[in-house]
Amino acid sequence: NKGEPIYQANLDAINERHGDRGDRSGYHTLTIAGRWLFVRTGHSPGFVPNSHAPGGGRSRLICFDHETKRLAWSSDVGALDLGQQAVFEGSPVVRGSELYIGVTRLDAMVTSYVVCMDVETGEFRWKRLVCESTNDSRPVMPDQNLLTLAGDSLYCCTNQGAIAAIDLPTAKLTWLAEYDVEPSSHRGASPAINPCLHHQGRLYVVPLGSSSLDCFDAATGEREWRTTVPAEHLLGIAHGLVFVTGDRVYAVDEKTGRVAWQFPENQPKGAGRGMLAGDLVYWPTSSEIHVLDQQTGQRTEAPISLIEGLRTKSGNLVPGDGYVLIAQNRQLLVVRPHAWLTEQREKLVAANPNSQEAHLLLASAAANEDIEKASRHFQQAINLASQLPAEQSENFVSRTKREWVRSILHHVQGQL
């Protein structure tokens, strides 16, 4: 509710305790399973430090007990005996007493493994070679590859031209499917992280470097269909449609691969991972979040302004219980529904009735549901600004009028 840390752990200190003094930059996902919190630190698969560098900056998997708020264990990828150029991929998936995590080794060849470890101790149990590819032909790799767990099967998209299924009771490959990699095609310096999506016996994949959405039979690995869409993010499935986003939002029939609808035709490109919530698709661009009906692709309301409305920039969206998280590169924002935000800003105005900023904040929040109420507070903010020094007053009034006009235009657009 307050955004205050429940507890903090110094990852740098943990790494340095084990002699890792190299570059530890990078952003990585977390995994929570029961009482355990798993963090992967160190270099990304796309870059491995010189093996002769002091300290090495090795890749490490760290486990915390978040009930006791203590470190449970820490494991260096070197313990797997896969060579100096091996790194952990993204954070693991957990099944009972076991966790599974991808490991990549980059040298003359790029080699992908899946490793099994004990959840409580970090003890190594087994590793399975998935595939090898030439280092010079692979596309730009994402910061990490994430695994997908479904029943007794584990699915891995290597982003090297192969997708694999592993049978967990036997730790053996069930099938391996190949796809053509386009070495020159990539989606920027930080390609999106897209684990496979398992749904009702099918496996949906957006492999890096393929410019396609692929559907496989999850039991056999046989490809059922392929649809060419410039996708970056695989959001999920609802109403028989697979939702992928990139420059646009695409809704693809889960059984046939036919594109049911796309949005928009020629408007700003996507900027961050969207989300599915209820019957809606939330899709962020650099300045707005578009809210679309999942079945039709039509707008259900005016776009949510990020810059002028929420006073923030775009990021990856994550649904919560009565709120939305916006994960940016250096901060995490919690956005409440308009009604909640309006209520909080009404309290702010009640406590600061002569503050032009308080009235402006309330007007911006109210504009999404009650344009008349918003207009009253926009006007009150302008009136109060007359008490400011001339230049300051002029700048504030100009900014307020721009936001007032924008709110009215959004309101009118939402009525069309």
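Reader: Which residue in E17 is the bridge partner of phenylalanine 216?
Author: Happy to start there, keeping in mind that this is a predicted model. Strand E16 covers residues 213-217 and is joined to E17 by 4 bridges, with the two running antiparallel. Within E17, the partner of phenylalanine 216 is arginine 223.

Reader: Which strands are the edge strands of the open sheet?
Author: The sheet has 4 strands with antiparallel pairing, in the order E14-E15-E16-E17. From one strand to the next, the twist averages 20 degrees. An edge strand here pairs on one side only, and that describes E14 (197-199) and E17 (223-227).

Reader: How many residues are in the largest nonpolar core?
Author: Let's look at who builds this core: strands E2 (36-41), E3 (60-65), E5 (86-88), E7 (98-106) and E8 (109-118) each supply at least two of its residues. Those with the most contacts inside this core are Phe38, Leu61, Phe88, Leu99, Val103 and Met117. A second, separate core of 15 residues includes Val93, Val114, Cys116 and Leu147. The largest core itself has 17 residues.

Reader: Which residues does valine 103 touch, not counting residues up to four places away in sequence?
Author: Good one to check in the viewer, as Val103 is among the residues with the most contacts inside the largest core. The residues touched by valine 103 are Val77, Leu80, Leu82, Ala86, Val87, Phe88, Glu89, Thr111, Ser112, Tyr113 and Val115.

Reader: How many of the 11 residues of helix H3 are buried?
Author: Helix H3 spans residues 356-366 and is mostly covered. Its buried residues include Gln356, His359 and Ser364, along with Leu360 and Leu362. The count of buried residues in H3 is 9.

Technical notes. Residues numbered from 1 in each chain as written. Predicted model: local features only at pLDDT ≥ 70, side-chain atom pairs only at ≥ 80, totals over all residues. Heavy atoms only, no water. Pairing = 2+ DSSP bridges. Axes fitted to C-alpha atoms, helices over the stretch in contact; angles between N-to-C directions. Core = buried A, V, L, I, M, F, W, Y, C linked by side-chain atoms within 4.5 Å. Buried < 20%, exposed > 50% of the residue type's maximum accessible area, 1.4 Å probe, protein only. Contact = heavy atoms within 4.5 Å.
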